Amino acid sequence: MSTLIHTEAFNPATGESLGQIPQNTLEDIQYAVSRIRKAQTKWADYSFSKRGKHLRKMQRHLIEHGEEYARIISADNGKTLADAYMTEISSAVIAFDYYIKHSARVLRERRVKGSHIFSFFTRNRLQHVPMGVVGIISPWNYPLAIPMHEILMALMSGNGLLYKAASETQMVGQVIQKIVDAGELPQDLFVQVNVAGRIAGDAFLEAGIDKLFFTGSVPIGKILMKKAAETLTPISLELGGNDPMIVCAEANLKKAVNGAIWAGLSNSGQSCAGVERIYVHRDVYKPFLKLLKKKVEKLRVGHPDHKDTHIGTMTTSRQHDAVRNMLEEAIAQGAIVEAISQIDETTEHALPATILTEVNQEMRVMKEETFGPVIGVMPFKNIEEAIHLANDSDLGLTASIWTKNHRLGRKIATQLEAGVVTINSHLISHGIPNLPWGGFKQSGVGRTHGELGLLEMTEARVIVNDYFPLNKQLYWTPIPGFVYRRWVGFMMMVGGAWSWKLKGLLKLIFGFNRL
Ligand code: NAP
């Protein structure tokens, strides 16, 4: 592969260089796809247990180097070491176990009985066939955990992989390469390329990948879907969220406040499914705000390496500026800064955690994905209003309900337009690998993780074997009139009212033209 040009990786907290990574060309991508395809045909013949043995080696390597790799994630992305270890390393380690143990059960070939009498003589088998070469493009906010799940699903289902990490977190891309190398996979089964995002989509699709798994922003997802339509290449899109949290009157307020801080502010609020809007029942609005204010004002945002830092820094200056603009715009429109965290001003890209009140649904902080440490809080009168406010968005990734009344929680959950609804927690199901992940509305297309994620990595093939003992089926051309009439009689008996069943029976026996 060409290695003439390099991209440089920087620590967002200090601006210092972390290293240089060779950049690839469009020709590299074309060539990579043909090489992956060759390796994949062999890999597809491996049994699930043989594939699992390779993945187990990767998992061991990750466990042994867990803290070292968490430090690299922290330096490359700006989150704290603890955050990096808990939400990225642990999530990936746990995911290995699930996919190694359960892929065979989900994807193995199985017999499927025909559902009706005319299929009595068929023996049917359902296979889940690997797509071939799967392209994975991932973002910088969870630069290890997100792509690792997809890499594991793709490998266990027999695919080869073309992978691109986000430009901002190329050092984590190198970590992923080391983990994959430790698996001693067949040569060329996994190829990582470093190309700029703006050319990656066209390049991947034009090189002939068989499936694209994209995680990132809504606008790029739309561009990729349009491009994929040219070749009807299947595409899974895991896109943005603007996730609401509903705090009911009988909620455990301490837990709700702690949950909001974790799910809304950790990773500097740069979580696709982070809490962005909080709707609180008016009876508990004041005590909830008081508790939230007390906790947020004690938080310290700053350099992820400093011992007393609770929340690290934003990953990119683009995101830092976008969030600050949204915040300033909301304040100019009447929002009040209810609480603000402490901040180490010397850390680059650090934004204080900020709680806004006096917000409304028209402000961009409430209407759009903020993707930063800013949360708007609004009171609501009754549950109907809370559901309406929560659903009032083009996005529908996740949502949460906080209540001690679990029955009420489940009732509200069924009315929320979101791919994941959590009761008394938020965000956690991304780390439960057997649960599908994905959103309603513009939050995406398809699902990743778990059984549905594994199925997304495969095509379904049905093999139908006909054991009908005679030379001709009743419905094969030419169809004699007496057969046709009896056939109609039989259909009338299948699902009609009793009077129709009787007419059908007469037609079946006597073959009347009309009744
Ligand atoms: P982004 O700008 O869409 O970038 C995501 C990835 O796509 C990066 O690798 C980027 O490469 C690449 N890319 C950019 N333009 C592309 C193009 N035209 N064709 C193909 N690839 C392209 O998103 P982001 O700002 O990095 O990530 C934040 C967004 O991701 C948020 O909206 C967040 O909610 C969403 N997200 C969703 C989930 C989920 O599970 N639903 C999870 C995490 C994040 P470069 O870095 O080289 O530009």
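This is a predicted model: local features need pLDDT of at least 70, side-chain atom pairs count only at pLDDT 80 or more; totals for chains, interfaces and linings use all residues.

User: Which residues come nearest to the ligand?

Analyst: A residue is counted as near when one of its heavy atoms lies within 4 Å of the molecule. Here 29 residues are around the ligand, and Ser138, Ser167, Ser217, Leu239 and Glu369 come nearest.

User: Which N or O atoms of the protein lie 2.6 Å or 3.3 Å from a nitrogen atom of the ligand, and which side chain has one 2.9 Å from an oxygen atom of the ligand?

Analyst: For polar contacts one looks at pairs of N or O atoms within 3.5 Å. A backbone N or O atom of Leu239 is 2.6 Å from a ligand nitrogen, and one of Gly201 is 3.3 Å from a ligand nitrogen, whereas the side chain of Lys164 places an N or O atom 2.9 Å from a ligand oxygen. The ligand taken alone exposes 900 Å², of which the protein buries 90%.

User: Where in the fold does the shell around the ligand come from?

Analyst: The ligand takes up the space of the largest pocket. Helix H7 (197–206), strand S8 (211–215) and helix H8 (218–231) are the elements that give two or more residues to the shell, with H7 supplying the largest share, three residues. Domain 1 (48–112 + 122–238 + 450–461) and domain 2 (243–432) each contribute at least three residues to this shell.

User: How many residues of the shell are nonpolar, polar and charged?

Analyst: The shell around the ligand divides into 14 nonpolar, ten polar and five charged residues.

Notes
Residues are numbered from 1 along each chain as its sequence is written. Side-chain values use heavy atoms; hydrogens and water are left out. A polar contact is a pair of N or O atoms within 3.5 Å; within protein, one must be able to donate a hydrogen and the other to accept it, and residues adjacent in sequence count only if both atoms are side-chain atoms. Accessible areas come from the Shrake-Rupley method with a 1.4 Å probe; for residues, only the protein chains shown count as cover. On a 1 Å grid over the protein atoms alone, a cavity is a set of points where a 1.4 Å probe fits but cannot get out, and a pocket is an open set with protein on both sides within 12 Å along at least five of seven lines; lining residues have an atom within 4 Å of a point. A molecule sits in a cavity or pocket if more than half of its atoms lie within 2 Å of its grid points. Helices (H or I, at least four residues) and strands (E, at least two) are DSSP runs, numbered from the N terminus. Ala, Val, Leu, Ile, Met, Phe, Trp, Tyr, Cys and Pro count as nonpolar, Asp, Glu, Lys and Arg as charged, and the others, Gly among them, as polar. Domain bounds come from an automatic or database domain assignment.
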